[in-house]
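Student: I have a model open and would like to learn how to read it. Could you walk me through its features one by one?

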Amino acid sequence: MAILTRTRSAATETARAERPLKKRTYNKREALAGYLFISPWLVGFAVFTLGAMAYSLYISFSYYNLAKNTTRPAGLDNYRALVEDPKVALALKNTLFFAVMAVPLEIIFALLLASLLHRLGRSAGFFRTLYYLPKMTPSVATAAVFFLLLNGNTGAINKGLAVLGIQGPQWLIDPAWVKPSIVLMTLWGVSGTMVIFLAALKNVPRELYEVASLDGAGPVRQFFTITVPMISSAIFFNVIVLTIAALQVFDQAFLLFWRDQTNASPESSLFYGVYLFQQAFRQFDFGFAAAMAWLLFVIIMAITAVQVRFGNRFVYYEGDR
Amino acid sequence: MALTQSGSGTLPVGAQPAGVAATGTTTRRRRPDRWYRPRSLAGRVLLWALLVMFSLLFLYPFLWLLAASFKPKGQVFDNKLIPETFTPGNYAEVWRQLPLLSWMGNSIMIALLAAALVAISSSVVAFGFAYFKFPGRTFLFGLVLATMMLPGAVTLIPQYLIWKNLGFLGTKVPLWGANLFGSAFYIFLQRQFFLGLPRELFEAARVDGASYFGLFRRIAMPLAIPSFIIIFLFEFQASWNNLQAALIYLNAGGVEDFTVPLGIAYAMTKYAPGNGGQGDYQYVMVAALMVTLPMLVLFAFGQRYFIEGVATQGRKG
C-alpha cells in the first residue's frame, strides 16, 4: 500500500511536469499535527532503536570498561575474537540445528491441528480454546513443569513411554536429546501458529474441493494440490516468523540448563541467545556481546532474505494481480 | 457461480450455494459450515479420536501441575494425577517459603504500566500515521515496519547502558519505560484499524470545529476500543512473561523485588538438590500454578481478543 502511494505520486508528478511545476503541497498545520502525533515513536526510535543500534555498533568496535563506564577503541578485535571463539561457532551450530528441527515440526503440527479443527465447524471454538491454553502459560511455569516431566528417571514422559514399551531417553542430560526436549516444549505451545492456519484454511474456497472430488481426487491429493498452495502465504509468513523466533530462543534454554551451575551437557545446550546474554550480563564483556548481536542480525537478515527470495516463487497470494 | 463463504463468518442457516447440491447424495440442504465434516463414520471417529488425544496431551501438563501442587515433597514425582496424600497445606506454606505475593504485585504493577502505556502511545502514533499527511510519512512508516524485524539482541546492551546513564538501573522503570514510545507491531495494528474508518466522520467533526486531538480522543479512540483491548492484553501477557528483562535489570536486587518469571527461576534453583536445596519442588509447582492463574483469567475474559489478535498477524496488511 505504501509502495502504491509512492508510485502514484511519482506518476502524477511526471504528469505535473508537463504543466508548470508545482510542488506537492502539504497543509502546514496538518503536517505539524501529524508530526506531533507520531512524536512519541520518533523519540523512542531515535533513542532506543536508531541510537541504540549505532551505539551497539560502536561498542562492538570497542573495549568496554564496566567499572569506569568508558570505552576505548578496539578495531576489529571483538570480531576477531568472535571468529576465534569455539563457543560462538558451537552456539551457532546448536541454534541453527534447533531451528531446522523445530520450525518444520511446528508448521506441520500446527497445520495438522488446524486441519482437525477446521473439520469441526462450529465446535472448533471449544478445542481452539483448549489448545490455546498452553500458550497462555508463562514460559517459566512451562519450564518448571517440563523440568520435572522431562526428568529421565522419574518424569512422567518417560513413564508414559515405558507404558508403550519404549525406553525414554535422559531428556535433560543426554546431549542428543537436549534440543528435542526444547522442541517438545515449543510444540506444546504451537497454538498461536495453529490459529493463523485455521483462519487461512477458512479462506480456501469450497468450490475448489468440490471440483477436485468430482474429478476423483482423494483427500490426500486435494490437500497437496489445493490446500497447501492456497494457504501458502500463511505458511510462508509462519516459516519466517518461527525461524526468527527459533534463532533467538532464550527462556527455555536458560531455565532448563543455565539457571545455575549444574548443567550436564553444556555443549549441546549452549544456544546463541544464552551465550550472548552470558557474555553481556555475566561477564560484562559488552564489546564481544555487541559483536555477537550484530553477527546474529546479519545471519537473520540473510536467512530471511533467502526465505523470501525462495518463497516468493511458491507463494500464491489471493487478490494479487 | 455461487459466492464463496470466506472468512469466519457464518451464513444464515438456509443459505445454499448452488454448487453443493451437485455433490450431495440427496438434495437435502446442507448448512455451509458443515461441508468440511467427514462423511463416513470412520472419518468422524478418527477425527474425534485425534482431537481427544491431542486434548489430553495439551491438558496433561496442566493436570500434572495441579496435582503436583497438592502433593507432599516425596510424592511430587509419583506422577499420580490424584495425589496420594492431599496436601492443601502447600498453598499456605508457599507464602512463607517464597515472597510470591511481592513477585505478583511487582509483575502486576509493571504489566499494567507497560500495557497501558504502549496501548495509548501506539494508538496516538498510529492515528498520526493514519489520518495526517506529512512529508516523509511513507518512509517513516516503512521504518516502523522495519523495526519489527529487528532482533532484540542488537539493542539489548545499548538499552541497558542508556538506562544506566539515565540513572534508572536499580529501579523497575526499564521494564516498562520503553513502552512510552509505542511499539511497531501495535502501531501497525492500530493504524490498520484507523485506516478503515471513513473520512467523513472526521470531516464532519472538523466542520464543527473539533481540534485534531479532539478527533483522536472523541471519534477515533472510542471506535478503536476492541483493538485497544487486544493490544493491552497482548502486552500485559508479554510483560508478565518477560524473563530476560527481569534477569538483566532485577537480578542484582533484592529477592522481593523480583517479578514473577524471575521468582520462579529463583525458586527452581533454590530447591534444586544440586544446589543444596531440599527438593521441595511442590512449592515451585504451587508458585507456577499461582502465576499461571492470572493469565488464565485474562484469557477467559479476553479470549476472542487474543485469538483475533493472533489471527490478524497472519493476514496481510
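Predicted model: local features only at pLDDT ≥ 70, side-chain atom pairs only at ≥ 80, totals over all residues.

Student: How many helices and strands does chain B have?

Tutor: Chain B has 13 helices and zero strands.

Student: And how many helices and strands are there in chain A?

Tutor: Chain A has 15 helices and two strands. Its overall spread is worth a look too. The radius of gyration of chain A is 25 Å, whereas the globule rule gives 20 Å for 321 residues, so chain A is more spread out than a compact globule. Along the principal axes, the C-alpha atoms of chain A fill a box of roughly 85 × 75 × 35 Å.

Student: How do I read burial at the level of a chain?

Tutor: Take the share of residues that count as buried, meaning 20 or more other C-beta atoms within 10 Å. That share is 36% of the 321 residues in chain A, and 40% of the 317 residues in chain B.

Student: What share of the contacts links residues 24 or more positions apart?

Tutor: Consider contacts with a separation of 6 or more. In chain A, 69% of these join residues 24 or more positions apart; in chain B, the figure is 64%.

Student: Now the domains. Where do they lie in chain A?

Tutor: The assignment for chain A gives domain 1 at 2-60 and domain 2 at 81-311. Their centres, taken over C-alpha atoms, are 37 Å apart. Four residues of domain 1 of chain A and six residues of domain 2 of chain A form the contact. On the domain 1 side there are two nonpolar, two polar and no charged residues.

Student: Where are the domains of chain B?

Tutor: Chain B is split into domain 1 (41-89) and domain 2 (95-314), with 32 Å between their C-alpha centres. Here each domain of chain B gives eight residues to the contact. The domain 1 side of chain B consists of five nonpolar, one polar and two charged residues.

Student: How many residues does each chain bring to the contact between A and B?

Tutor: Chain A brings 88 residues and chain B brings 88 residues. On the chain A side, the largest share comes from helix α2 (residues 28-60), with 20 residues. By class, that side of chain A has 58 nonpolar, 17 polar and 13 charged residues.

Student: What should I expect of nonpolar side chains in general?

Tutor: In soluble globular proteins, they tend to be buried together. In this model, the largest nonpolar core has 172 residues, and those touching the most other members are A:Ala293, B:Ile264, B:Val284, B:Ala287 and B:Ala288.

Student: Which residues does B:Ala288 contact, leaving aside its neighbours within four places in sequence?

Tutor: B:Ala288 is in contact with A:Ala141, A:Ala144 and A:Val145 from chain A, together with B:Leu65 and B:Ile264 from chain B.

Student: Let me try a single residue. Is A:Ala305 buried or exposed?

Tutor: A:Ala305 counts as exposed because 10 other C-beta atoms lie within 10 Å, and the cut-off for exposed is 12 or fewer. A:Ala305 sits in helix α15 (residues 286-311) of chain A.

Student: How far apart are A:Ala305 and A:Ile240, in sequence and in space?

Tutor: A:Ala305 and A:Ile240 are 65 residues apart in sequence, and their C-alpha atoms are 9.6 Å apart in space.

Terms used
Residues numbered from 1 in each chain as written. Chains lettered and ligands numbered in written order. Helix = DSSP H or I, 4+ residues; strand = E, 2+ residues; numbered from the N terminus. Contact = placed C-beta atoms within 7 Å. Nonpolar A, V, L, I, M, F, W, Y, C, P; charged D, E, K, R; others polar. Domains from an automatic or database assignment. Rg over C-alpha atoms; globule rule 2.2 N^0.38 Å. Core = buried A, V, L, I, M, F, W, Y, C linked by C-beta atoms within 7 Å.
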